[in-house]
Amino acid sequence: MPTYTTRFGSLEGYEKGSIELIDDDPKRYAFSNVFDVAGHSRPYEKVCVAKNRQYVLEAIRAEGESEWRATAHDEFALVMDGEVEVTLHRLAPDEAVSADTQGSVRLGHDPAGPRMGRVVARRGHMTLLPANSAYRFSAQWPAVILLQSLDGEGTVYRWAEICQTH
């Protein structure tokens, strides 16, 4: 029986994966190079690393403070490396994002609705970014977030740079 070794990466130390198609065993496929993508991204750039229908997984380099973003649907932020503070506010009625809007949108100002709280998430912690809310990320040191969302405003596709063909 084959054995598999799990190696945890970080923004400062990772082994870039490759794809070797041998058979249909999912353990033989590279999911993505999340740390490499985040390492070559601007802070808070949302780079798509996986897509399933309208859903996307976006690699985000968290560094400093992000802009306020709002969403009409739930999103999930998984901290892959480092520590990220998430500040949440309920949207005021006049700030509501249209229900048919996919992905998060730039709010452009501090939210007027009541503060919902804050979460300090570290490697392996997942945070719900609830529908009809605004959120802002903050990281003192570079960190990596994997965001599950819908394909929308701000989703960046750089497949040619991410995918390996050899």
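Y44 counts as buried, at 17% relative accessibility. This is a predicted model.

**Y44: a buried loop residue**
- Y44 sits in the loop that runs between α1 (34-39) and β1 (46-52).
- Its phi is positive, about 70 degrees, although Y44 is not a glycine.
- Y44 is classed as buried because its relative accessibility of 17% falls under the 20% cut-off.

**R53: an exposed loop residue**
- R53 lies in the loop between β1 and β2 (55-65).
- R53 is not a glycine, yet it has a positive phi of about 60 degrees.
- The relative accessible area of R53 is 73%, which is over the 50% cut-off, so R53 is exposed.

- R69 belongs to strand β3, which covers residues 69-71.
- Is R69 buried or exposed? R69 is buried, because its relative accessible area is 10%, under the 20% limit.

**R69: side-chain partners**
- The side chains of R69 and E67 are joined by a polar contact of 2.6 Å.
- The side chain of R69 also makes a polar contact with the side chain of S104, at 2.7 Å.

- Which residues does R69 contact, leaving aside its neighbours within four places in sequence? They are K46, S104, V105, R106, L107, S133, A134, Y135 and E153.
- S104 is on that list, and its side chain is also a polar partner of the R69 side chain.

Key. Residues are numbered from 1 along each chain as its sequence is written. This is a predicted model: local features need pLDDT of at least 70, side-chain atom pairs count only at pLDDT 80 or more; totals for chains, interfaces and linings use all residues. Side-chain values use heavy atoms; hydrogens and water are left out. Helices (H or I, at least four residues) and strands (E, at least two) are DSSP runs, numbered from the N terminus. Buried means under 20% relative accessible area, exposed over 50%, partly exposed in between (1.4 Å probe, protein chains only). A polar contact is a pair of N or O atoms within 3.5 Å; within protein, one must be able to donate a hydrogen and the other to accept it, and residues adjacent in sequence count only if both atoms are side-chain atoms. Contact means heavy atoms within 4.5 Å.
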